[in-house]
Amino acid sequence: TKRIQFSPVTTMTTLSTIVLALVIPALLAIATHYLLYNGVEQPESSHGTGSMFDLIAPRYDTINRILALGMDTGWRVQMVQQIKQSLSELDSTSSPRILDVSTGTADVALLLSKYIPKAQII
C-alpha cells in the first residue's frame, strides 16, 4: 500500500483555506444584514414584503453594488442593449411596450428608457 504523509505546513494551509472559504461569506452575510436592517423597524402596515422593501430601499442599491463588485451595473446595461438589439431586428415602426415585472428600485426601467427612448416602459 502507498502511504501518504501530510506535512504540518500543508495541513495548516489547507485548514486556513477552508476556514477562509467559510468565514468570509459568513462575515459578508452578517455585514449585509447589518447594513440593510440596522435601524429598520417592523413595518406598520400589513402589506407584506412591499412595506419592508420600502424601508430598506435606500440602502439596497449600495449594498448590491458592493457585494456584486459593481458588475451588476454592467449586467443590466448588457441586458438592455440586447433588448434594444432584439427590438431593432423586429423592424417595427410602432413604439414597443416593455413590462418590467420585478422593477425593485427601477434600475432596469430607467436604463430601458435611456437606451430605448421611444419605448413605453410599464
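Mentor: A polar contact is a pair of N or O atoms within 3.5 Å, and within protein one of them must be able to donate a hydrogen and the other to accept it. Keep that in mind as we go through this model, which is predicted.

Trainee: Happy to start! What is the order of helices and strands, read along the sequence, as a pattern?
Mentor: The secondary structure comes to 4 helices and 2 strands. Read along the sequence, they follow the pattern α-α-α-β-α-β.

Trainee: What share of the 122 residues in the protein is buried?
Mentor: A residue counts as buried when its relative accessible area is under 20%. Among the 122 residues of the protein, the buried share is 17%.

Trainee: And what part of the accessible surface belongs to carbon and sulfur atoms?
Mentor: The accessible surface of the protein comes to about 9,600 Å². Of that area, the part belonging to carbon and sulfur atoms is 63%.

Trainee: Now for the polar contact. With which side chain does the side chain of Asp-72 make a polar contact?
Mentor: Asp-72 lies in helix 3. Leaving aside neighbours within four places in sequence, Asp-72 is in contact with Asn-64 and Arg-65. The polar contact between side chains has a distance of 3.2 Å, and the partner of Asp-72 is Arg-65.

Trainee: What do the side chains of Arg-65 and Asp-72 meet in?
Mentor: Side chains of opposite charge can pair when their charged atoms come close. For Arg-65 and Asp-72, the N to O distance is 3.2 Å. The cut-off is 4 Å between a side-chain nitrogen of Lys or Arg and a carboxyl oxygen of Asp or Glu, and the two side chains thus meet in a salt bridge.

Trainee: With which Arg does Asp-107 form a salt bridge at 3.8 Å?
Mentor: Asp-107 is buried, with a relative accessible area of 16%. The pair in question links distant parts of the chain, from Asp-107 in helix 4 to a residue of helix 3 (residues 71-90), 31 residues apart. At 3.8 Å between the closest N and O atoms, the partner is Arg-76.

Trainee: Which residues are linked in a network of salt bridges?
Mentor: A search of the whole structure finds 4 salt bridges. Arg-65 pairs with Asp-72, and Asp-107 pairs with Arg-65 and with Arg-76. The linked residues are Arg-65, Asp-72, Arg-76 and Asp-107.

Trainee: How far away from Asp-100 is Arg-76, the nearest side chain of opposite charge?
Mentor: Asp-100 is found in the loop between strand 1 (97-98) and helix 4. Leaving aside neighbours within four places in sequence, Asp-100 is in contact with Val-108, Ala-109 and Ile-122. Asp-100 is buried yet has no salt bridge, and its distance to Arg-76 is 8.4 Å.

Trainee: How far apart in space are Leu-111 and Val-77, C-alpha to C-alpha?
Mentor: Leu-111 is found in helix 4 and is buried, with a relative accessible area of 16%. Leaving aside neighbours within four places in sequence, Leu-111 is in contact with Arg-76, Val-77 and Val-80. Leu-111 and Val-77 are 34 residues apart in sequence, and their C-alpha to C-alpha distance is 7.1 Å.

Trainee: Last one! How much accessible area does the nonpolar patch on the surface have together?
Mentor: The patch is formed by Ile-18, Val-19, Leu-22, Val-23, Leu-27 and Ile-30. One of them, Val-23, is found in helix 1 (residues 8-37) and counts as partly exposed at 35% relative accessibility. Together, the accessible area of the patch is about 570 Å².

Note on methods:
Residues are numbered from 1 along each chain as its sequence is written. This is a predicted model: local features need pLDDT of at least 70, side-chain atom pairs count only at pLDDT 80 or more; totals for chains, interfaces and linings use all residues. Side-chain values use heavy atoms; hydrogens and water are left out. Buried means under 20% relative accessible area, exposed over 50%, partly exposed in between (1.4 Å probe, protein chains only). Patches are made of residues with over 30% relative accessible area and no salt bridge: like charges are joined within 9 Å, nonpolar side chains (Val, Leu, Ile, Met, Phe, Trp, Tyr) within 5 Å. Accessible areas come from the Shrake-Rupley method with a 1.4 Å probe; for residues, only the protein chains shown count as cover. Lys and Arg count as positive and Asp and Glu as negative; His and the chain ends are not counted. Contact means heavy atoms within 4.5 Å.
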